[in-house]
Amino acid sequence: MCGIVGYIGKRNALPIVVEGLKRLEYRGYDSCGVASLFHGELSVEKMAGKVVGLQSLLAKKRDNPIIAIGHTRWATHGIPDKTNAHPHLSQSGEFAIVHNGIIENYRVLKKGLEDNGYVFSSQTDTEVIVALIQTLYKGNLEDAVGNALKHVTGAYGIAVMTKHEPHKIVCARRGAPLVMGIGTDEYFVASDVAAIIQHTKQVIYLDDGELGILTSDGVETLACDRESISKDIQHLTFDVEAIEKSGYEHFMLKEIFQQPQTAFDSMRGRLNVKDGSAHLGGINDHIGSILHADQRYITACGTSWHSALIGEMMIEQFARLPAEVEYASEFRYREPLVDNRSVIFAISQSGETADTLSAIEEGKSRGATTLGIVNVVGSSIARATDAGVYIHAGPEIGVASTKAFTSQVAVMSLLTLKLARLMGMSKKDGIEIVEAMQRVPEQIESVLNQSDVIAEIARTYSKASNFLYLGRGVNFPVALEGALKMKEISYIHAEGYPAAEMKHGPIALIDEKMPIIMIAPKDKTYAKVMGNIEELKARKGRVIAIATEGDKEIAKIADHTIYVPATLAFTAPMVNVIPLQLLAYYIAVEKGCNVDQPRNLAKSVTVE
Ligand code: G6P
């Protein structure tokens, strides 16, 4: 979604800000712009479209500003055109703002300002903030920003500059992430560390209600009463290579191929081989609450919701504890049965998804214990929850989530194992599971080695208009995830179903044009799934089977067979999802789609 980058220092700010915006492109956006201050004058360049266009616009400029703020916008209020693109200048041209989030009361504020003669030039909610700042400015930018924000309800991360104080950027956050970077004689602000990691690894995360001030001499954080507060400087642990393609054609392909390593990293130091159990330090103090809770909810959106479904199935099957999965967007508004004897797990790659954050707030307001399963360290969900587990997948740049999914499932498996052992699973069974989990990275590797076979199948079906994905047990959420990947990046309609449910409706769709991905490992439902394949073939469906290595029977009836290593049900999703990711990827490439930045999608959706 929207991205913010700001710079103040000694170098030309424009290329630094533009480069930062490029690093944020993966989040999804439709217009972009930059404001800079040069010889006491504010100037803005903005446009609909991609940062590369902005770069050409700026190439014509002779200015060498040392202070600038930039933005990538994902339209909410007003179409994605030049007028609505950020930065927005105040009517007087003295103030410039970039904003992420949504101002909920902007209509009322706009009406009040218009009644007093203010003339707006865009349809955005953002413009009311800069209008208020202009109206309230009395010689000190942080005071004007702080006072303006008192009138505002909603979510924001903002950065503001004024020609009256040409060596200052003021930023503020409520509900949308913002981080300040500390370099040598230069300072940065960004909505995502990816924008600044190539310049500095020393950062300060702003918390809700705080203001940050960046000058050429340093950074300062203020509480909402504008008292200076001291904040810890955090050291980022990843390098710029982690957010580069490293020779792969797309970030998504790189991230698919990273999974042997990232799955390993999620489990590193967390498996107890001797005891057949798992260790999750982040939630150790809450294990008692989880075991004795009246309700256990797992809430999430998108791909993370599929990991939640797998978690629910595993916790119930192996730990014999009831759990319930909720779409985060639905949770808040359906008066959930939550109280201080409830535990809510929130799964999120980005840690910034507004729906998931709201679900957490809802749970907290009812007294529940909230636990995060998050990838991005220091993210809003990581900080809003009582405790949690990081999945350690490293930065995920491709909008369609891949490695975060396998790592989320790895952590849900570790959690299940930990709970199951406490609930009476035998040590012997626990050790068997630990050993199976240790084999996962090499099993993923062996599926990746068949990428050529999968690319060939992709070529055969790239013109299909629909796909059906079928699986049973833990492979049903895997089918859902496969269908979501196909929709997200290739724009082909795809649906996931429990394999046997197929005969209660979807079977009406089957003809020779319908490819069906059937996840059919040799597990306890294998015979039934084979029956389903026969039913599909009898109706001329084109079956692509995901089958266990050595299964020759299935190859006789399926049109294509992709082999995966034999796994326990416990580890199956992490391995069986790999061919589905690759299939979606190769079909999207075949169709010429923008794999890393699919249309209309955003990497983290920070609006409800
Ligand atoms: C967006 C992304 C999805 C992602 C979902 C949840 O819709 O496009 O790929 O699965 O958000 O994101 P989260 O960061 O909370 O896991």
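This is a predicted model: local features need pLDDT of at least 70, side-chain atom pairs count only at pLDDT 80 or more; totals for chains, interfaces and linings use all residues.

A search of the whole structure turns up 32 salt bridges, and a few of them are picked out below.

**Arg23 and Glu244**
- Arg23 pairs up with Glu244 in a salt bridge, with 3.2 Å between the closest N and O atoms.
- This pair joins distant parts of the chain: Arg23 sits in helix α1 (residues 13-23), while Glu244 sits in the loop between β15 (234-235) and α6 (251-257), 221 residues apart.
- Arg23 has a relative accessible area of 15%, so it counts as buried, the cut-off being under 20%.
- Glu244, at 30% relative accessible area, is partly exposed.

**Lys163 and Glu41**
- Lys163 and Glu41 make another salt bridge, and here the closest N and O atoms are 3.6 Å apart.
- Lys163 is in the loop between β7 (156-162) and β8 (168-174) and Glu41 is in strand β3 (residues 41-48), so this pair ties together parts 122 residues apart in sequence.
- Lys163 is partly exposed, with 28% relative accessibility.
- Glu41 is partly exposed too, with a relative accessible area of 47%.

**Arg173 and Asp208**
- Arg173 bonds with Asp208 in a salt bridge whose closest N and O atoms are 2.8 Å apart.
- Again, distant parts of the chain get linked: Arg173 belongs to strand β8, and Asp208 to the loop between β11 (202-205) and β12 (211-215), 35 residues apart.

**A salt-bridge network**
- Some charged residues team up in a network: salt bridges link Asp207, Glu210, Lys231 and Arg383.

**Where α4 meets α5**
- Helix α4 (residues 127-136) and helix α5 (residues 141-149) have axes that come within 8 Å and cross at roughly 125°.
- That angle makes α4 oblique to α5.
- The crossing of these helices is right-handed.
- On the α4 side, the contact is made by Ile129, Leu132, Ile133 and Leu136.
- On the α5 side, Leu141, Ala144, Val145, Asn147, Ala148 and Leu149 make the contact.
- What kinds of residues does the contact of α4 with α5 divide into? There are 9 nonpolar, 1 polar and no charged residues.

Methods. Residues are numbered from 1 along each chain as its sequence is written. Side-chain values use heavy atoms; hydrogens and water are left out. A salt bridge is a side-chain nitrogen of Lys or Arg within 4 Å of a carboxyl oxygen of Asp or Glu. Helices (H or I, at least four residues) and strands (E, at least two) are DSSP runs, numbered from the N terminus. Buried means under 20% relative accessible area, exposed over 50%, partly exposed in between (1.4 Å probe, protein chains only). Axes are lines fitted to C-alpha atoms, for helices over the stretch in contact, and angles run from 0 to 180 degrees between N-to-C directions. Angles under 35 degrees count as roughly parallel, over 145 as roughly antiparallel, 65 to 115 as roughly perpendicular and the rest as oblique. A crossing is left-handed if the near helix is turned anticlockwise from the far one by less than a right angle, and right-handed if clockwise. Contact means heavy atoms within 4.5 Å. Ala, Val, Leu, Ile, Met, Phe, Trp, Tyr, Cys and Pro count as nonpolar, Asp, Glu, Lys and Arg as charged, and the others, Gly among them, as polar.
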